[in-house]
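Reader: Hi! I'm new to reading structures, and I'd like a close look at one part of this one.

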Amino acid sequence: MKEQFAYLQNELDQMKEQHTFRELTPLQSEQGSRVTIDGQDVIQLSSNNYLGLTDHPRLKQAAIDAVEAYGAGTGSVRTIAGTLDMHNHLEAKLADFKHTEASLVFQSGFTTNQGVLSSILTDQDVVISDELNHASIIDGIRLTKAARKVYKHVDVNSLEEALQASHDYRVRLVVTDGVFSMDGNIAPLPEIVELCEKYDAILMVDDAHASGVLGQNGRGTVDHFDLNGRVHIQVGTLSKAIGVLGGYVASTQTLRDYLIHKGRPFLFSTSHPPAVTEACSAAIDVLQEEPELIERLWDNTQFFKEGLRSLGFDTGKSETPITPVIIGDEAQTHDMSDRLFNHGVFAQGIAFPTVPKGKARIRTIVTAQHTKEELQEALNAFEKAGQELDLL
Ligand SMILES: *Cc1c(COP(=O)(O)O)cnc(C)c1O
């Protein structure tokens, strides 16, 4: 068996030499503001569990009740025998939440982007994409026959040039992340919306890191900028702030109907189990009934960001709970992450190719679950590790 995979093992060995090979880090506890890793109790600063919903009592109870009433799985894809009443119910709730006509849930945010982009464009169309968009958008674009243009990161002049150079296509689709996951900056949606209206382009916004975080009750960037009704396709994930698993598109009834017939991950992959579906549904209720969670998230964000900045760290252009601590050097970044762990903080280093060379960073995300004491403890760990490495 071994020799068949020697060519892959060679590549892995090279990665080990370049210190880019990563082991998975198993948690020995549930997700939370503190977790157990390697038998050590540490403060978690690397999850996307913004609101602490992964272990919220209402989500857990909804999942348990769903298993009791409907079982562990669905036994089919949505389009054959795997649509339960709860699937449609969740979609109606999401559409209502996003102030759109309809919505459709996919197995993940990744497959949502892939499914939407790959199915709605043909070789008569063009897709215009921010250069730092998420991998799932890039892969979705790879699956279309549409022409592709990439504009400079959040640069509306570059976007306008791309739109001007795209007059000959049937459909022009502009796609952007709402919040960019490595820097925590927000896309300039008001300007992007104006350009899309001026050039009659369809706009698709992926709000994976904004759902549950920005806008009224966590409705996302579109609501945050008061642009309801002016963004044609909103993608969200149920896997980050919502705390469970899945992705959805919120748009028109036409798009929903079309994707039910043409969205390949939707058509050819089994539907979400009852526990997942009902836990997601409970999470949307929590967003609307416990707005204090989002307030605490932003309060913690401000406290932690200010703390890092006053220690002298470079936190880039973050405007959201995603706060990078930019170190630059890749080896030093991994060293910093290891030292933070020894001081009781789990914060992963992120290096090339996920971020540009020389821009390696520790990426932190605070949650509503962190106490001020935990965040202060984390800041103390950053101070110690930063001093050990002569970064401050
Ligand atoms: C995480 C993420 C996704 C993927 O969502 P999953 O539900 O985890 O598959 C898609 N887009 C963006 C911008 C993301 O950050």
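Which of the 14 residues around the ligand come nearest?

Author: Good place to start. A word on the ground rules: this is a predicted model, where local features need pLDDT of at least 70 and side-chain atom pairs count only at pLDDT 80 or more, while totals for chains, interfaces and linings use all residues. Residues are numbered from 1 along each chain as its sequence is written, and side-chain values use heavy atoms, with hydrogens and water left out.

Now the ligand. Of the 14 residues around it, the nearest are Gly109, Asp206, Thr237, Ser239 and Lys240; a residue is near a molecule if one of its heavy atoms lies within 4 Å of it. Some of these make polar contacts, meaning pairs of N or O atoms within 3.5 Å. Ser239 puts a polar side-chain atom 2.5 Å from an oxygen atom of the ligand. For Thr237, an N or O atom in the side chain is 2.6 Å from a ligand oxygen. Gly109 uses its backbone instead: a polar atom there sits 2.8 Å from an oxygen atom of the ligand. On its own the ligand has 380 Å² of accessible area, and the protein covers 86% of that (Shrake-Rupley method, 1.4 Å probe).

What is the shell made of? By class, nine of its residues are polar, three are charged and two are nonpolar. Here Ala, Val, Leu, Ile, Met, Phe, Trp, Tyr, Cys and Pro count as nonpolar, Asp, Glu, Lys and Arg as charged, and the others, Gly among them, as polar. Helix α4 (residues 109–120) gives the largest share of the shell, three residues; helices (H or I, at least four residues) and strands (E, at least two) are DSSP runs, numbered from the N terminus.

Let's step away from the ligand and look at some helix pairs. Helix α3 (residues 85–98) packs against helix α11 (residues 274–289) at an angle of about 25°, with axes 10 Å apart. Axes are lines fitted to C-alpha atoms over the stretch in contact, and angles run from 0 to 180 degrees between N-to-C directions. The two are therefore roughly parallel, a label for angles under 35 degrees. α3 passes α11 in a left-handed crossing, where the near helix is turned anticlockwise from the far one by less than a right angle; clockwise would be right-handed.

Helix α6 (residues 156–164) and helix α7 (residues 189–198) pack at about 15°, again with axes 10 Å apart. That makes α6 roughly parallel to α7, and their crossing is right-handed.

Finally, two loop details. His99, in the loop between α3 and β3 (102–106), has a positive phi of about 55° although it is not a glycine. Pro353 lies in the loop between β12 (349–350) and β13 (360–365), and the peptide bond from Phe352 to Pro353 is cis, with omega near 10°.

Conventions. Polar contact = N/O pair within 3.5 Å; in protein donor to acceptor, adjacent residues only side chain to side chain. Parallel < 35°, antiparallel > 145°, perpendicular 65-115°, else oblique.
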